[in-house]
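Let's take a walk through this structure, one stop at a time. Keep the viewer open and follow along.

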Amino acid sequence: MIPPAVRIVGIETSCDETAIGIVENGRQVLANAVASSLPRHAPYGGVIPEIAARAHVETIWQVLEQALQEAQLPLQALDAVAVTQGPGLPGALVIGLAFAKGLALSLDRPLIPVDHLAAHLYAGEMTAPQLQPPYIGLVVSGGHTLLCVAHDEGRFELLGETKDDAVGEAFDKVAKLLGLGYPGGPAIDRLSEQGQAARVPLPRPGGRAPLDFSFSGLKTAVYREVQKRLSAAAEGSRLKAQGDSLEPRALSLEPQVTADVAASFQEAAVEILVSKTLKACQRTGVSQVVLGGGVAANRRLRERMAEVGAQKKLQVTVPPPPLCVDNGAMVAGLGFPLLQRGRTAPLSIGSEPNRCLA
Ligand code: KG4
Ligand code: ZN
């Protein structure tokens with residue numbers, strides 16, 4: 001007898017995306033609806049938690065309706081409710097959690113709390129159904145940069161993490177310095193195509209431990225390179241320097257120089273991520289790799305990981321971009337193995353803003 005399909009709804013509100021997915025049997029994406037409050041944050045150059053939380057409240061019901069419409073299912077067809085419990089912005093997480101509780105209560109369905117970072121990696125398992133743990137997980141997002149081994153039964157072993165900025169944060173800050181707006185990752189990704197990385201030398205700093213990361217040094221090196229080029233330009237045109245703040249003056253970089261800086265920064269960040277991931281494979285003897293998180297949407301990172309994977313005979317899985325950035329389908333997907341393991345929770349649970357692969 002064919003077992004009945006289990007349809008799980010996944011609710012994701014850890015940052016600025018209000019995202020709801022519906023996934024069948026942990027693999028088949030029936031819907032992946034998302035509303036982003038990004039335009040409301042853009043004038044501030046970063047996510048404002050209060051604005052994100054308000055936007056979740058305003059849009060979450062519409063996003064659920066959109067997901068149900070996409071999946072062509074009535075509310076009653078949902079078998080369980082998975083929700084991001086953490087990590088994330090405290091005020092944003094509680095909106096999704098409260099909504100999920102209301103849904104679970106009214107439908108009389110189980111509630112499944114999900115770790116956001118584990119969900120990013122589970123997107124890899126959804127992408128490559130033949131993939132079995134153990135695999136090396138590289139989570140690269142706006143809030144996190146870490147390497148881990150994903151074992152079976154949803155157990156994770158942390159190998160290393162960033163000691164300062166997350167790589168996505170570094171992309172966003174460098175983009176701001178270059179006047180490319182927010183969010184910076186996609187802007188740097190696009191502009192880098194027109195730049196030549198070799199024209200702007202940048203270091204490849206690592207964390208103290210071999211598998212840790214540190215991106216603040218790279219960011220500072222970009223500031224210095226920009227400052228050097230601005231000073232040279234000012235000198236050349238006999239302009240006077242206008243104080244110490246780089247940001248307003250950075251806008252006056254030549255467009256080609258801006259593209260070169262963007263390309264060089266991206267190349268350095270990608271090289272650091274790829275080389276540490278390779279090191280993690282060598283140290284553990286694990287030859288499967290999964291990338292997750294918004295920065296995994298970066299084209300150069302995807303390209304380099306594929307090249308190095310082929311060279312070193314690693315099996316690299318990178319989810320399609322809509323499953324890399326924050327989304328509800330990865331939460332709904334991970335809900336399935338958790339439900340099978342009985343990892344449901346009472347309606348009394350709270351959010352866990354500092355959770356990390358728990
Ligand atoms: O996973 P995510 O959507 O949200 C968090 O959990 O943080 O990641 C967002 C981060 C942002 O820093 C954004 O700039 C970055 O992912 N990002 C990218 C690209 N698309 C999104 N970074 C580099 N290249 C991209 N194409
Ligand atoms: Zn994320």
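Start with Leu357, which sits in the segment after H12. Keep in mind that this is a predicted model. Phi of Leu357 is near 55°, a positive value in a residue that isn't glycine. Is Leu357 buried or exposed? With a relative accessibility of 9%, Leu357 counts as buried, because the cut-off for buried is under 20%. Leu357 also belongs to a nonpolar core of 30 residues, whose members include Ala119, Ala123 and Val139 as well.

From there, step back to helix H12 itself, residues 328-340, and look at how H4, residues 116-127, packs on H12. Their axes are 8 Å apart and meet at an angle of about 85°, which means H4 runs roughly perpendicular to H12. On the H4 side, the meeting residues are His116, Ala118, Ala119, His120, Tyr122, Ala123 and Met126. H12 brings Ala329, Met330, Val331, Gly333, Leu334 and Pro337 to the contact. Sort the residues of this H4 and H12 contact by type and you get ten nonpolar, three polar and no charged.

Setting aside neighbours within four places in sequence, Ile8 touches Gly21, Ile22, Val23, Ala80, Ala82, Ile112, Ala332, Gly335, Phe336 and Leu339. Ile8 has a relative accessibility of 1%, so Ile8 counts as buried.

H2 (residues 49-71) packs against H3 (residues 90-107) at about 35°, and the two axes are 9 Å apart. The crossing of H2 and H3 is right-handed. H2 makes the contact through Ala53, His56, Val57, Ile60, Trp61 and Leu64, while H3 uses Gly91, Ala92, Ile95, Gly96, Phe99 and Leu103. The contact of H2 with H3 has nine nonpolar residues, three polar ones and no charged ones. In the loop between strand E4 (80-86) and H3 you'll find Pro87, joined to Gly86 by a cis peptide bond with omega of about -5°. Another cis bond runs from Pro133 to Pro134, with omega near 5°, and Pro134 lies in the loop between H4 and E6.

What about the largest nonpolar core? In soluble globular proteins, nonpolar side chains tend to be buried together. Here the largest such core has 49 residues, and Phe215, Phe265 and Leu301 touch the most other members. Helix H9 (255-284) is one of the elements that supply at least two residues, as are H5 (167-177) and H7 (216-236). H9 gives the largest share, 13 residues. Leaving out residues up to four places away in sequence, Leu301 touches Val140, Val270, Leu273, Val274, Leu291, Val295 and Ala296.

Eight of its eleven residues are buried, so H5 is largely enclosed by the rest of the structure. Among the buried ones are Phe171, Asp172 and Leu177. After H5 comes Gly179, with a positive phi near 75°.

Finish with Ser192 in helix H6. Its relative accessible area is 9%, so Ser192 is buried. Beyond its neighbours within four places in sequence, Ser192 is in contact with Ala259, Ala262, Ala263 and Gln266.

Definitions and conventions:
Residues are numbered from 1 along each chain as its sequence is written. Chains are lettered from A and ligands numbered from 1 in the order in which they are written. This is a predicted model: local features need pLDDT of at least 70, side-chain atom pairs count only at pLDDT 80 or more; totals for chains, interfaces and linings use all residues. Side-chain values use heavy atoms; hydrogens and water are left out. Axes are lines fitted to C-alpha atoms, for helices over the stretch in contact, and angles run from 0 to 180 degrees between N-to-C directions. Helices (H or I, at least four residues) and strands (E, at least two) are DSSP runs, numbered from the N terminus. Angles under 35 degrees count as roughly parallel, over 145 as roughly antiparallel, 65 to 115 as roughly perpendicular and the rest as oblique. Contact means heavy atoms within 4.5 Å. Ala, Val, Leu, Ile, Met, Phe, Trp, Tyr, Cys and Pro count as nonpolar, Asp, Glu, Lys and Arg as charged, and the others, Gly among them, as polar. A crossing is left-handed if the near helix is turned anticlockwise from the far one by less than a right angle, and right-handed if clockwise. A nonpolar core is a set of buried Ala, Val, Leu, Ile, Met, Phe, Trp, Tyr and Cys residues joined through side-chain atoms within 4.5 Å. Buried means under 20% relative accessible area, exposed over 50%, partly exposed in between (1.4 Å probe, protein chains only).
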